[in-house]
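Me: I should like to learn how to read helix contacts and confidence values in a structural model. Please take me through the features one at a time.

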Amino acid sequence: MTKTILTVDDSRTMRDMLLLTLRDAGYRVLQAEDGEKGLEVLNHECPDVIVTDINMPRLDGFGFIQGVRGNDRHRAIPILVLTTESDAEKKDRARRAGATGWIVKPFDPVKLVDAIRRVAA
Amino acid sequence: MDAMMAIRQTFFQECEEQLAELENGLLAMQNGEADAETVNAVFRAVHSIKGGAGAFSLDDLVRFSHIFETTLDAVRSETLAPSPDVLKVLLRASDILADLVRAARDGGTVDAERSDAMAVELAALSGADKPAAEDQSEDMAGFSFQPVQVSFDELDDELPAFAELPETSWTIRFTPKPGLYAKANEAALLLRGLGELGEMIVACDFSTLPLLGELDPEGAYLTFVITLHTRADKAAIEAVFEFVEWDCDLSIEMSADTEPDGQALNLFALRDEMLPRVKEEGLASSVPAMSENQPEDRPDAPQAVDELGAATSGVAPRASLASAPAKAPFPETAASPAPASREGSQTGGQVAGESRMGERRENERRESTQAPAPAATIRVDLDRVDRLIDLVGELVINQAMLAQSVNEAGLTRGAAIGSGLDDLEQLTREIQDSVMAIRAQPVKSVFQRMPRLVREVAAMTGKSVRLVTSGENTEVDKTVIEKLSDPLTHMIRNAIDHGLEAPEARVAAGKAEEGIVHLCAMHRSGRIVIEISDDGAGINRPRVRQIAVDKGLIPADAALTDDEIDNLIFLPGFSTAATLSDISGRGVGMDVVRRSIQALGGRISISSRPGKGSTFTMSLPLTLAILDGMVVTVAGQTLVVPLTAIVETLQPRSVAVHEFGGDTRVIAIRDQFTPLIDVGRELAYRCETADVLASVVILVETEGGVRNALLVDAIQGQRQVVIKSLEANYRHVPGIAAATILGDGRVALILDVEALVASSRIGAPSDSVIPREDRKTPKEIDCYV
C-alpha cells in the first residue's frame, strides 16, 4: 500500500524537492509550510512518516515534534528532521523533543528514501 | 531534469522573497522596530538560501551564506549585539548575498574580493565575543564549509567499497530503552537495516520480560543478540543504529572466528544459550498470548483488550517485538528455536495491525494527494494575462460598435435589446475592471530595491542618508511598475548626489547630519503619484540659470520665474554636476527621465525651496490599457478627453468670455477667471477662433490643481476607450496622449490635457521647453491610422 509522507518546511524549494524525490519513490506526499500547518494536516490525515524542517516561522520544528508526540493519535508516527549540516546541538534538541531520526541537508535523494525506509515498516 | 529546473526556478524566486525579507528585517532592526521574531526571520531567510543553494551545489553562495548565517545566529543568540555599526555590515552583506544569488541565477560573476572581504568582516563579528583561539577556528570552519553534492550515484559508489573488505562476523548486542520506542523508532526496522548489510542470525533475549500483569506497555524488555556476517565495516554497522544510539545499549564486537564454520558454531552456541532460559522461566507460552492482545495502560483488564486495536500508543514496541524474528531475512533463523517458537502467532498479530491501519487509511482517503493549498494564489504566465487583456479590449470596442449599430438601426427605444445592451455594457466593464486588477501590483516591488541603492550611493558620496518610504501598497499596472524602476533609480541617485548636502555642510546649516529622502506613492484622481523629496539645499537657481545660459539653452537676458528655472534641469543635455560623477552622471539626464515618464503617459515636475529641499512629483496612469473618456467633436474631428481630468462641462454665455488682446481669452466661471483653450486652434485643426456661443466648455483640472477651460464644438458622450499607443504606431505628438478606436471603427485621438494646458499657458515654463514650431499637428496622422 502506498505510504503517505507529510513534509513540513517553510521553503518552497525544499518542499518541491521533497515532493519530487518522494513522489518518484512512490510515496504519497502531503505538505505543510510550518509547524502549525503541519499539526492542522494531522487533524485529518495520518501519515506514515513525517519529514520536518527545524527553522520555521510560527511553530518551529521542535515545537512541532512536541505537538505530534503529545498527541496520542500521532505519537507513534516516525519523524525525520531536516538539519542543514550535522549540527550536533540541533540534532540533540530534536531528539529530545522526540524526533525519530534526521536527514542532513542538502539531502541526497537516495539517502532520504533510505532514511524513510529505516523508520517506516 | 525538467522538474529540477522548475525547482531551481522556484528556488531563485524564493531567494528574492527571502532577500526582501532579510533586508526589511535588517532595516526594522536598524530602526529599532525589531522583535525576536524579526531576528528569527532574518536568520531564516539566510538559512533557507543556504539550504537551497546547497541542493544546487552553488558553492559560492553556500559559503557566503554560511558565514552570514553564523553571524546572524550570534545576533539571534544575543552573543552579538545588533549595534548600528553591526547592522550596517549586515545590510551590506545582504547586498552581496543578493549579488551572489543573482550571479548564481544568471551565470554571472561577483567581485570575489568584495565578497571575501565581507566574509572576513562577518566572521570577525560573529567571533567578536569569543576567545581568540576559538574565534580563529570558527572562522576557518566557516570558510572550509563544503556543501554536499546531491548525487544519485553516491550510494552506488559506496557499495563496491564494502565489497573490498573481507567478510567478517560481528556479534551485536542491542538492548532498546523505552525512549527508543517513544521516538517511534522500531527495533524490527533496525534489525532489517542490519540484515541488509549481510547475512545475520537474530536471537531475542527476553529474560527480563515480566509477566503480563506487570508489563508496562511502554516499557522495553528485550535484548537482541545478532550475529552478522558481512563485508561492511564497524562504522557501517554503527550507522544503522545512528538514530538510536542514546536510546539503547549497544555493543558491536568482531567475532573471534570469521570462517563460515564459525557462523554455524555461533548459531548453535546462541541457541544453547537461549533455549534453557526460555524453558526455565516458562515464558514461551506467555509471550504469544501477549502479542495477540494489544497492550494497554491497565493490561489486567481483559475485556478492554479488543478495543485496544484503535490505540496507536504502544503499537510500536509491540510490533517490533513481533516482527524481529519474523523479519530476519535468513532461513537459518528457524534453527534458532526460541524465536521460531513464537513466529506464527507474532506474525498474526502483525497482520492484524496492518489491516487495522488499512481501514483507517480507507476512511481517511481523500481525493487530493496534497495538503490544503498554502495560499490562495496561482502563478500565471504574464502572456496569458496580456492576451486576456487584449481580448477584453477588443470586447469593449466590439460592444461599443454593437451599441452604435443598434442605435443607428433605431431599435433601442423600448426594445428588450436596449436593456440587453445595457447589461452587456455593465458586464463588459466589470470584466475589464477584474482583468485589470489581475495586472495591478503594489509598487512595493520597485520601492524595495531603493534602500540598497540609497546605501550604495550614500557610501560612494560619503553622505549619511535615511530613506523613508510610504504608500508601498499602492497598486498600479505591472507595465507601469516595470518601467518605473529606471527613472526612480535615477531620481533617487540625483536626490542624494545633488540634492543632499555633505554632512559638514548640513551641520553648518543647522540640519541633522543625516539627510532624509522621502519616497512616497499615492493614488490621486485616478492616477498614481510618486514623490521623491529630499531635505537638502534645494535647487541652486543662480547656478542652474548660469549653466543654461552657458550651454546656450536660454538667452542670457531671459526673464524666468523660479519655477521656470527649476524646470530647466529637464532640458536635454543639462547637468548640474561640476564633474560627471559616477553616480548621477551616467550619461542619463533628467531629460531622459522625463521622456521615459512621458512615454508612460506620465508627467514629472519639480518644486524646490532653497535650503529646505526639493520634491520631484511623478504622476502616472494606473493602467496603460483603458481609459474613461468623454468623446467630443472639434472641427469635425472626434477627440477623447480623459474623464479623470474633467471637473464639469457647461454651455458658456458670451458675457462670461473676456479677451486679453491677441489670442488669449478667459472665461468667468462662478466669479473665477479661467484661461480658455480653443482646442481646435491649439491643435491647428482650424485657424479661426471658435464661436463661444456655439461651443461647449469643458472645465479641466491639472495635477497641480490648475483649472482651465477647453473649448470644443460638441459632446458626443461618455465612453470607455481602449488605449492604443500613438508612439508605438506613429510617434509622440504633443498635446495628444494616445489614440483609440471608436464604436464606428474610426480612430480618435485622446487629449493629453496636462500638455495641452501647459503649452497654451501664457509664458508657461513648459512652453519654453517645447518650442512651438516643433509641435506637430495631429491632423498629419489621419492618413497613418
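Me: Which residues of α1(A) meet residues of α5(A)?

Reply: Contact means heavy atoms within 4.5 Å. In this predicted model, L18(A), T21(A) and L22(A) of α1(A) meet P109(A), L112(A), V113(A) and I116(A) of α5(A). These residues divide into six nonpolar, one polar and no charged, where Ala, Val, Leu, Ile, Met, Phe, Trp, Tyr, Cys and Pro count as nonpolar, Asp, Glu, Lys and Arg as charged, and the others, Gly among them, as polar. An α-helix has 3.6 residues a turn, so residues three or four places apart point the same way.

Me: At what angle do α1(A) and α5(A) pack?

Reply: Axes are lines fitted to C-alpha atoms, for helices over the stretch in contact, and angles run from 0 to 180 degrees between N-to-C directions. Helices (H or I, at least four residues) and strands (E, at least two) are DSSP runs, numbered from the N terminus. Helix α1 (residues 12-24) of chain A packs against helix α5 (residues 109-119) of chain A at about 70°, and their axes are 10 Å apart. The two are therefore roughly perpendicular, a label for 65 to 115 degrees; under 35 is roughly parallel, over 145 roughly antiparallel and the rest oblique.

Me: How are α2(B) and α3(B) arranged relative to each other?

Reply: Helix α2 (residues 36-55) of chain B and helix α3 (residues 59-76) of chain B pack at about 160°, with axes 9 Å apart. They are therefore roughly antiparallel. Their contact has 11 nonpolar, five polar and four charged residues.

Me: What span should helix α1 of chain B have?

Reply: The expected span is 1.5 Å times one less than the number of residues. For the 29 residues of α1 (residues 2-30) of chain B this gives 42 Å, and the end C-alpha atoms are 42 Å apart, which agrees. Just after α1(B), G32(B) takes a positive phi of about 70°.

Me: Where in chain B is confidence lowest, and where is it highest?

Reply: pLDDT is the predictor's confidence in each residue, from 0 to 100. Confidence in chain B is lowest in helix α27 (residues 765-769), at a mean of 37, and highest in strand β13 (residues 637-642), at 91. Over residues 275-374 of chain B, pLDDT stays under 50. Where pLDDT is low, the predicted coordinates should not be read in detail.

Me: Which conventions apply throughout?

Reply: Residues are numbered from 1 along each chain as its sequence is written, and chains are lettered from A and ligands numbered from 1 in the order in which they are written. In this predicted model, local features need pLDDT of at least 70, side-chain atom pairs count only at pLDDT 80 or more, and totals for chains, interfaces and linings use all residues, while side-chain values use heavy atoms, with hydrogens and water left out.
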